[in-house]
Amino acid sequence: AEKEELIQRSQADGLTGLYNAAATRKLVSESMERRDRQKTNAFLMIDCDDFKSINDTFGHLVGDQMLEHIGKCLKRSFRSSDIIGRVGSDEFVAYMKDVPSADFVLRKCRQLSLIRPTADSTPLSVSIGVAFIKAKTTYEDAFRMADEALYQAKKNGGNRAVVYTGPLGSVSAGR
């Protein structure tokens, strides 16, 4: 039991309780290797909009509270079979196995766009990049695709989800 607790602690992000970056990468990579090639999975990059401004304006304690709040919202929003981790300061990954449809994933994104701060005066929104995984793909490739879509979401004003559609560009899924 003690060994198991140590393993869980080594995989957890201390602030949010989600998987840390190393554990997220390992678990998603393993899941991608084992996945049923007939089914579609989704890789989501979720990033807090203007997080530096939140830290600069309200302080790092409020910033940490926001990250904890986002972590709780992510845990409530995704299925127990999904892998959710904090991979950077204000960046999160969600890997959804066997998604029934693109609309199912986009509904999750809309649900996340409703994340509101715990304090009324603190602005909070997230941008999301989505990559659908249909063929054999590596963690690095999925990350790159979702990150490219995330960049488009930020470029288009944030507080939205964008789906990666390939090297010719991404299509916005709206706010």
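Student: Is Cys109 buried or exposed?
Tutor: Cys109 is buried, because its relative accessible area is 3%. Buried means under 20% relative accessible area, exposed means over 50%, and partly exposed lies in between, with a 1.4 Å probe and protein chains only.

Student: And what about Cys73, buried or exposed?
Tutor: Cys73 has 8% relative accessibility and therefore counts as buried.

Student: How many disulfides are there?
Tutor: The count is zero disulfides, where a disulfide is taken as a pair of cysteine sulfur atoms within 2.5 Å.

Student: What kind of model is this, and how are residues numbered?
Tutor: It is a predicted model, in which local features need pLDDT of at least 70, side-chain atom pairs count only at pLDDT 80 or more, and totals for chains, interfaces and linings use all residues. Residues are numbered from 1 along each chain as its sequence is written, and side-chain values use heavy atoms, with hydrogens and water left out.

Student: How many helices and strands does the protein have?
Tutor: The protein has six helices and six strands. These are DSSP runs numbered from the N terminus, with helices being H or I of at least four residues and strands E of at least two.

Student: Which residues of helix 3 are buried?
Tutor: In helix 3, residues 51-58, the buried ones are Phe51, Ile54 and Asn55. They lie on the same side of helix 3 because they cover an arc of only 95 degrees around the axis, the arc being that of the directions from the helix axis to the C-beta atoms. Lys52, Asp56 and Thr57 are exposed on the other side of helix 3.

Student: What covers the buried residues of helix 3?
Tutor: The cover includes strand 1 (41-48) and helix 4 (60-77).

Student: How do the axes of helix 3 and helix 4 cross?
Tutor: The two axes come within 6 Å and cross at roughly 135 degrees. Axes are lines fitted to C-alpha atoms, for helices over the stretch in contact, and angles run from 0 to 180 degrees between N-to-C directions. Helix 3 is therefore oblique to helix 4; angles under 35 degrees count as roughly parallel, over 145 as roughly antiparallel, 65 to 115 as roughly perpendicular and the rest as oblique.

Student: Which residues make that contact?
Tutor: Among them are Phe51 and Phe58 of helix 3 and Met66 and Leu67 of helix 4, where contact means heavy atoms within 4.5 Å.
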